[in-house]
Amino acid sequence: MSDTVETVARTSPAAVIVAIDGPSGTGKSSTSKAVAAALGLSYLDTGAQYRAITWWMLGNGVDVDDPAAVATAAAKPVIVSGTDPAAPTITVDGVDASGPIRTQEVTAGVSAVSAVPEVRTIITELQRSIAASAEKGIVVEGRDIGTTVLPDADLKIFLTASPEARAARRSGELKGVDAATTREALIKRDTADSNRKASPLAKAADAVEVDTTELTLPQVIECVVTLVEEKRAAK
Ligand SMILES: Nc1ncnc2c1ncn2[C@@H]1O[C@H](COP(=O)(O)OP(=O)(O)OP(=O)(O)O)[C@@H](O)[C@H]1O
Ligand SMILES: Nc1ccn([C@@H]2O[C@H](COP(=O)(O)O)[C@@H](O)[C@H]2O)c(=O)n1
């Protein structure tokens with residue numbers, strides 16, 4: 001029996017598992033949190049976990065561009081994710097990392113760290129155990145949730161949006177950074193995430209693709225809530 005089959009078998013039969021993947025800035029976090037809150041589900045931000053391990057590497061003198069050094073250190077930090085969609089948390093060795101993991105330094109280093117197979121093995125196992133313990137079900141967002149982490153998820157969504165729309169959204173958050181610079185940084189990270197060998201950013205064959213370019217956030221949330229409710233009704 002595979003890890004994934006065991007994971008699903010341990011989850012209550014009524015629990016619904018939702019995988020939301022897509023490139024940077026497509027609205028995965030905003031949508032996943034709101035959908036989980038609306039439906040009483042847990043929420044897991046897997047990007048925050050890769051950011052957390054990257055933050056630990058940077059703070060502990062590990063060269064994030066040296067895959068062998070990253071692999072050797074990968075099991076050292078203890079990462080804990082809180083899954084309440086109203087107040088998601090992330091700690092590293094018991095320290096709140098929610099602020100530091102959003103710095104430009106971490107954003108610039110995270111694709112290199114997340115490409116290391118030893119890192120992915122540890123984080124994937126953590127993600128599966130969190131999903132298995134979510135009694136009512138969970139919305140898990142990332143890059144490889146539908147393809148690798150939870151291939152038996154009840155519903156898989158792949159969010160997309162044009163690079164221009166994504167850059168405009170991110171520039172609204174990053175005061176003082178122009179849209180062109182933001183667009184280039186997004187494309188660079190997506191290219192690295194899509195082209196790595198280990199579990200790249202990809203749409204699962206059975207995922208529903210939602211192009212959010214022309215949709216407001218409430219419209220995307222409504223669309224995904226409807227899809228989850230349909231799956232729940234059919235369970
Ligand atoms: N449909 C939308 N219309 C307008 N703004 C949106 C939409 N969806 C998300 N946003 C905004 O875009 C920004 C990025 O959204 P969010 O963080 O949810 O994306 P993400 O896919 O999780 O990004 P990343 O992978 O980089 O973490 C946020 O400021 C969010 O409020
Ligand atoms: N399932 C995942 C999720 C994320 N990553 C890597 O983490 C980076 C940060 O993700 P954000 O969602 O916080 O922007 C992302 O660029 C990937 O390198 C991943 O590999 N797999």
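How closely do the axes of helix H3 (residues 46-59) and helix H6 (residues 117-132) come, and at roughly what angle do they cross? They come within 11 Å and cross at roughly 135°. The views below show a predicted model, in which local features need pLDDT of at least 70, side-chain atom pairs count only at pLDDT 80 or more, and totals for chains, interfaces and linings use all residues. Residues are numbered from 1 along each chain as its sequence is written, and chains are lettered from A and ligands numbered from 1 in the order in which they are written.

**View 1. Helix H3 against helix H6.** Helices (H or I, at least four residues) and strands (E, at least two) are DSSP runs, numbered from the N terminus. Axes are lines fitted to C-alpha atoms, for helices over the stretch in contact, with angles from 0 to 180 degrees between N-to-C directions. H3 and H6 are therefore oblique to each other (under 35 degrees is roughly parallel, over 145 roughly antiparallel, 65 to 115 roughly perpendicular, the rest oblique). Thr 46, Gln 49, Tyr 50 and Ile 53 of H3 make the contact with Val 119, Ile 123, Leu 126 and Gln 127 of H6 (contact: C-beta atoms, placed from the backbone, within 7 Å). Five of these residues are nonpolar, three polar and none charged (nonpolar: Ala, Val, Leu, Ile, Met, Phe, Trp, Tyr, Cys and Pro; charged: Asp, Glu, Lys and Arg; polar: the others, Gly among them).

**View 2. Helix H3 against helix H5.** The two axes come within 8 Å and cross at roughly 105°; H3 and H5 are therefore roughly perpendicular to each other. On the H3 side are Tyr 50, Arg 51, Ile 53, Thr 54, Trp 55, Met 57 and Leu 58, which meet Glu 105, Val 106, Gly 109, Val 110, Val 113 and Ser 114 in H5. The contact has eight nonpolar, three polar and two charged residues.

**View 3. The shell around ligand 2.** Of the 15 surrounding residues, the closest are Gly 47, Tyr 50, Ser 114, Gly 142 and Arg 143 (near: C-beta atom, placed from the backbone, within 6 Å). H3, helix H5 (104-114) and helix H9 (179-195) each supply at least two shell residues; the largest share, five residues, comes from H3. The shell has four nonpolar, six polar and five charged residues.

**View 4. The open sheet S3-S4-S5.** Its three strands pair in the antiparallel sense (pairing: at least two DSSP bridges). Strand S3 (79-82) and strand S5 (95-96) each have a single partner strand, so one side of each is left without a neighbour in the sheet. Strand S4 (residues 89-92) pairs with S5 over two bridges, and Thr 91 stands opposite Asp 96 in S5.

Technical notes. Two residues are in contact if their C-beta atoms, placed from the backbone, lie within 7 Å.
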